[in-house]
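Biologist: Please put the model up, and I will ask about it piece by piece.

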Amino acid sequence: MALMPTDRTRHRGTALWCYLAALVAVPLIGVGVLTTLIAVHASGDVDSARRAEAAVRAVARLDAVRTAAEQEILPTLAVAVIDDPSAATALGVSPWMLASARGLAVDGAVQARAVTDAALAAVPAGSSGAAVAEHVSADLAELRAGVDRGQVRLEQLYLGYLDVSNDLMTAECAAAAAAVSEGVPARTARAVQDVETIATLAQDASRQTPLYLGSLFAPDTALIGSRLAWETGWLSYTDAQRQMEELSQESLRAAWVQLRESELMTGLDALLTPATTPSALTTDVGRLTELLYRSGDRDAALAQLVGTAVDEALALAAADREDAAAVLRRTIELGIGLLLVSTVGAVWLGRTVSRSLGLLAGQATRISEGELVEVEARGPREVRTVSAALGAAVAGLRRIQDQARAVARGDLDDALLDQPLPGPLGEVVHASIQQIVTSVRQREELQFALAHRATHDPLTELPNRAQALTLVTSALHRARRSGEMTGLLFVDLDGFKAVNDSRGHAAGDAVLREVARRMRAAVRAGDVVCRLGGDEFVVLVEPVETERDLMDLAERLVAAVGEPVDVGGLVQVGASIGVAVSRDGGADADALFAEAGTAAERAKRHGRGRAEIFDDALRQQLASRAATEAAIAAALTNGEMRLVYQPVLDVAEQRLRGFEALVRWVRQDGVVVPPDEFIPVAESSSLVCDLDRWVLHEATRQLAAWRAGAPAVPGAAEPTVAVNVSGRHLTDRRVVADVADALAASGLPPRLLVLEVTETVLVDDPVAMTHLSELRAMGVAIAIDDFGTGYTSIGQLRHMPVDTLKIDRSFVASPDPGQQELVGLVISAAHTFGLDVVAEGVEEPAQLERLRAQGCDLAQGYLLHRPLPPEAAGALIRPMAGAVPAS
Ligand code: C2E
Ligand code: CA
Ligand code: CA
C-alpha cells in the first residue's frame with residue numbers, strides 16, 4: 001500500500017518574510033555603511049580640528065615664551081650698559097644715579113626672567129614646541145649665566161637673545177603652518193595668520209629700543225650698534241605695521257587702530273623714527289628712562305593684542321572642533337535615526353504585507369478545504385484585489401452551494417435555483433442543477449401519475465376499488481374518533497351489459513363516464529364516488545345525519561342514472577343501490593362493502609331501479625353466508641366432499657363416452673348438501689378455487705384409477721371426465737397451473753379432461769379467454785355449460801377456444817316447438833364450427849328421440865343415468881365395448 005502523506009502539503013518557494021527581510025536589509029546596510037563613512041569622515045574632521053586647536057595653543061605658548069624672552073633684553077642690556085665704565089661718561093649721570101638705575105634694571109631683568117621661565121614651564125613636555133622650549137631654555141640659561149658673570153659683550157648678548165627670539169618665532173610659524181595645514185576653515189586660518197602678523201609686529205617693535213640703545217651706546221659694534229641696524233629694524237617695524245592693515249578680524253583691526261592712534265604708540269614712534277631722531281639727543285637720562293618705560297608699555301600692549309588674537313584663533317579653533325564634533329554627532333544621530341526609521345518602517349511594512357497576505361493565505365486554505373468563509377479585504381491594493389477576486393469566487397461557490405442545498409432539501413421551487421451562476425463553471429453547474437431539477441420534477445410527475453393510476457380508474461377518473469377501500473377505512477377511523485355515522489352506497493347498474501353488447505364498448509364507456517359525472521354532480525362536496533370495476537360504483541358519505549338522508553341520496557342517484565344517455569342515439573340504464581351504515585365506525589371496510597353489496601343484490605332481486613338498505617334480514621343472510629363459508633372451508637379440509645359421476649352417452653348408440661364430476665357435501669351428520677346450496681356461497685370468495693382444485697385432483701385421479709383397472713379396448717373411444725370450473729377460478733391466474741398439477745399428479749392424458757365453463761364468464765372476461773386458450777393448448781377439452789341461458793350468440797362461438805357445447809336442461813325439456821326447433825339449429829350450427837353437442841337433463845325417451853333426430857352427439861340426464869357414486873360409475877367402464885342399457 002502506498003504511503004499517503006498525512007500532514008498537509010507544504011508549499012514550495014521562499015517565504016514572503018525572506019523577500020521582505022532582503023528588501024529591508026539592503027537599504028538598511030546602505031544607510032549603515034553611509035552613516036559610518038560620514039561618521040568616520042566627520043570624526044577625522046574633529047581630530048584635525050582638535051590638532052589645529054592644539055597647534056594654535058602651541059603658537060600661543062611659544063609666543064608667550066618669545067614675548068617674555070624679548071622682555072628680558074632691555075633690562076639685561078641696561079645692566080650691561082650701566083656696568084660699562086664708559087656708559088656713565090656717555091650718559092653724563094652721577095654714579096649713584098647709575099647705581100640706582102642698575103638696581104631697577106636688575107629687578108626688571110629678574111622679573112622678566114621669571115616671566116620667561118614661567119612661560120617656558122607652561123609648555124607641556126611632549127607637546128608641539130616642547131623641543132624648541134627645551135633648546136631655548138638651555139640657550140637662555142647659558143646666556144643668562146654669561147650675563148651674570150659679566151663676560152658677555154653687549155652685542156653678543158643682543159644676538160643671543162635675538163637667536164632665541166628668532167628660534168621661537170620660527171617655531172611659532174611652524175606651529176601656525178601646522179594649524180593651517182590641518183585643513184581648518186579659512187576664517188580660522190586667517191585668525192592664525194592674524195596671530196602671526198601681530199606677533200611679527202610685536203617682535204619687530206620689541207627690537208627697536210635695543211637697536212636704538214645699541215646705536216647710542218655701542219656704535220662701534222657691527223650689528224646692533226650701527227645706525228643702519230636701527231634703521232633696518234625700523235623699516236622692518238613699519239613694514240610689520242603695514243601688514244597689520246591686512247588683519248582679517250574687525251575687532252583686532254579696531255584694537256590695532258586704537259593702539260596705533262594712542263599717545264603711547266605715536267609718541268614712541270615719533271621718538272624712535274630714525275629720520276627725525278638724532279643719535280645724540282637721546283642720551284638724556286630722563287628721556288631714556290621714559291623711552292624704556294614707554295617701549296615696555298608698548299610691548300605689553302602688543303603682547304596683549306597678540307593674546308587677544310590668540311584667544312580669537314583659539315576660540316575659532318575650538319569652535320571648529322565643536323562644529324566638527326557637532327557634525328559627527330548629527331551624522332551619527334541622523335544615521336541611527338534613519339536606521340531606526342527604516343527598521344520601524346520595514347517592520348511595519350513587513351507586518352502589514354505579511355499579515356494581510358497571511359490572512360489571505362489562511363482564508364484561501366480554509367476555502368480550499370471547502371469552508372466558504374467570508375473573505376476580508378485588507379492590506380495593500382494588490383492584496384485587496386486578490387481578496388476581492390477570491391471573495392467573488394467564494395460568493396459564486398456559495399451560490400452554487402445554496403443551489404445544491406436547495407436541491408438536496410428537495411426545495412425545487414426555490415427561486416434561487418433559477419438564478420444563473422457566474423462564469424463557465426457556474427454555467428455548467430447551473431445547467432446540471434437545472435437538469436437535476438427537471439429530472440426530479442419528471443420523476444415526481446411520473447410517480448404522481450403512477451400513484452394516480454394505481455388509485456384511480458382511467459375511464460372515469462374516479463378512485464378505484466383499492467382506493468375506495470382505503471378511503472372507507474380512513475373514514476371509519478375518523479368516525480370512530482368522532483362517533484359520527486358513515487354511509488356507503490353500492491351502486492350496481494341495470495341493463496348496462498345489454499347496452500355494451502348492442503352498442504359496443506365505446507358506447508358502454510360513454511355511458512359509464514356519463515353515469516360517473518351525474519353521480520358526482522348528485523353527491524355533496526366531500527362525499528366520494530368510486531368505481532369498483534365493470535358497472536359497480538360506491539359512494540362514501542360522511543358524516544351522515546340520518547339513514548333517511550342516505551336513502552334520499554340513493555333515490556336521487558337512481559333518478560339521475562335513469563335519465564337517458566346520448567351515445568349517438570339515446571340509451572338508458574338503471575341503478576340498483578344498496579345502502580349500508582356504520583353508526584360509530586366500529587365496522588371494518590370489507591364488512592361495510594359486503595353489507596352494501598348484499599343490499600344492492602336484494603335491490604336487484606326485488607326488481608331493479610331501486611334502493612335497499614342493509615337491514616336485519618340481510619344481516620342475518622350475510623351472517624349465515626359467513627357461517628357457510630367457514631363450514632365449506634372446514635369440510636374441504638375434513639374430507640367431507642365427495643364426487644359423484646353422471647355418465648355421458650352418445651345419442652346414436654347410447655354408449656358411455658364419459659362422466660361429469662359433480663360435487664356433494666356429505667356432512668358429518670350424514671346430510672348430503674347439494675351443490676346449488678353451497679357453490680354460490682363458495683363463489684363469493686376464493687373458497688371456490690380451493691373447491692375446484694380439489695375436484696380437479698379427485699376427478700382426474702379417479703378416472704386414472706379406473707383406466708388402470710380396465711385396460712382400453714382397441715378401437716373403442718376412451719371415457720373422459722368433465723369438471724365444472726367456476727368463473728372466479730377461471731379468471732384466477734393460478735387456474736392453468738392447477739389443471740396442469742392435477743394432470744401431472746394423476747397421470748391422466750390431457751385429452752381425457754373436459755373443463756366446463758359457463759358462457760357468461762367467457763363473454764365478460766378477456767383474461768378467462770386467455771386462460772382457456774392456454775389450457776386448450778395443453779390438450780384439455782373445453783365445454784360451454786348451460787348454453788342458451790346467457791346472451792351468447794351462435795356466431796360468437798366461431799372465435800372461442802371451445803370443443804363442446806352443452807345445451808341447457810331448460811332448453812332440452814321445453815315443450816315449446818319453437819324452442820325445440822332452436823335446439824336443432826344450435827346443433828347444426830355447432831357442427832358447422834366443429835363442436836360436439838351434449839344435451840343436458842334428458843329425462844324422457846321422447847326428448848332423446850328428438851335429439852337423435854336432430855343429430856345431437858351426446859346426452860346426459862336422469863333418463864340415462866343419475867349421478868353415480870364412484871364404485872357404480874367405475875363399474876360402467878368395464879363393459880364399455882358393449883352398449884350400456886338405460887337405467
Ligand atoms: P350443472 O353443471 O348443469 O350440472 C348438472 C346438474 O343437473 C347436476 O345437478 C345434475 O344432478 C342435474 N341433472 C342431471 N340430469 C338431470 C335430469 O335429467 N333432470 C334434472 N332435473 N336434473 C339433472 P347438481 O349435481 O345438483 O349440480 C348443480 C350445479 O352445481 C351444476 O350444474 C353445477 O353448475 C354445479 N356444480 C356441481 N358440481 C360442481 C363442482 O364440482 N364444481 C362446480 N364449480 N360446480 C359444480
Ligand atoms: Ca356442468
Ligand atoms: Ca349444466
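Predicted model: local features only at pLDDT ≥ 70, side-chain atom pairs only at ≥ 80, totals over all residues.

Biologist: Which residues coordinate the calcium ion (ligand 2)?

Modeller: Donors are N, O and S atoms within 2.8 Å of the metal (3.2 Å for Na, K and Ca); water is not among the atoms, so sites may look incomplete. The spacing of the donor residues in sequence is E-x63-N-x31-E-x28-D. At 2.1 to 2.4 Å, the donors come from Glu660 (OE), Asn724 (OD1), Glu756 (OE) and Asp785 (OD).

Biologist: Which residue bridges the calcium ion (ligand 2) and the calcium ion (ligand 3)?

Modeller: The two ions lie 3.8 Å apart. The bridging residue is Asp785.

Biologist: How many residues apart in sequence are the parts that Glu756 and Asp785 tie together?

Modeller: Helices (H or I, at least four residues) and strands (E, at least two) are DSSP runs, numbered from the N terminus. Glu756 belongs to strand 12 (residues 753-758) and Asp785 to strand 13 (residues 781-787), so the pair joins parts that are separated in sequence by 29 residues.

Biologist: Are Glu756 and Asp785 buried or exposed?

Modeller: Buried means under 20% relative accessible area, exposed over 50%, and partly exposed in between (1.4 Å probe, protein chains only). By that scale Glu756 and Asp785 are both buried.

Biologist: How far apart are the C-alpha centres of domain 3 and domain 4?

Modeller: Domain bounds come from an automatic or database domain assignment. The chain is split into domain 1 (44-330), domain 2 (380-449), domain 3 (456-614) and domain 4 (640-875). Between the C-alpha centres of domain 3 and domain 4 the distance is 37 Å.

Biologist: Where does Val33 lie?

Modeller: Val33 has 43% relative accessibility, so it counts as partly exposed. The element that holds Val33 is helix 1 (residues 16-83).

Biologist: How many aromatic pairs does a search of the whole structure find?

Modeller: Rings of Phe, Tyr and Trp (its six-membered ring) pair if their centres lie within 6.5 Å; planes under 30 degrees apart count as stacked, over 60 as edge-to-face and the rest as tilted. Searching the whole structure gives five.

Biologist: Why is the pair of Tyr645 and Phe659 classed as it is?

Modeller: Tyr645 sits in strand 8 (residues 641-650) and Phe659 in strand 9 (residues 656-666), 14 residues apart. Both residues are buried. Their ring centres are 6.2 Å apart and the planes are at 80°, so the pair is edge-to-face.

Biologist: Which residues form one aromatic cluster?

Modeller: The rings of Tyr645 and Trp706 have centres 5.0 Å apart and planes at 70°, so this pair is edge-to-face. Tyr645 is in strand 8 and Trp706 in helix 20 (residues 687-709), so the contact ties together parts 61 residues apart in sequence. Trp706 counts as buried at 12% relative accessibility. The cluster is made of Tyr645, Phe659 and Trp706.

Biologist: How many salt bridges does the count come to?

Modeller: A salt bridge is a side-chain nitrogen of Lys or Arg within 4 Å of a carboxyl oxygen of Asp or Glu. By this rule the total is 50.

Biologist: Which helices hold Asp117 and Arg144?

Modeller: Their side chains form a salt bridge, at 3.0 Å from N to O. Asp117 is partly exposed at 36%, whereas Arg144 is buried at 10% relative accessibility. The two parts are 27 residues apart in sequence, and the elements are helix 3 (residues 95-121) for Asp117 and helix 4 (residues 130-149) for Arg144.

Biologist: In which helix do Asp239 and Arg242 lie?

Modeller: Asp239 and Arg242 form a salt bridge, with the closest N and O atoms 3.3 Å apart. Asp239 is partly exposed at 35% relative accessibility, and Arg242 is exposed at 53%. They are three residues apart, about one turn, and both lie in helix 7 (residues 227-244).

Biologist: Which residues are linked in a network of salt bridges?

Modeller: Side chains of opposite charge can pair when their charged atoms come close. In this network the linked residues are Glu53, Arg57, Arg321 and Glu322.

Terms used: Residues numbered from 1 in each chain as written. Chains lettered and ligands numbered in written order. Heavy atoms only, no water.
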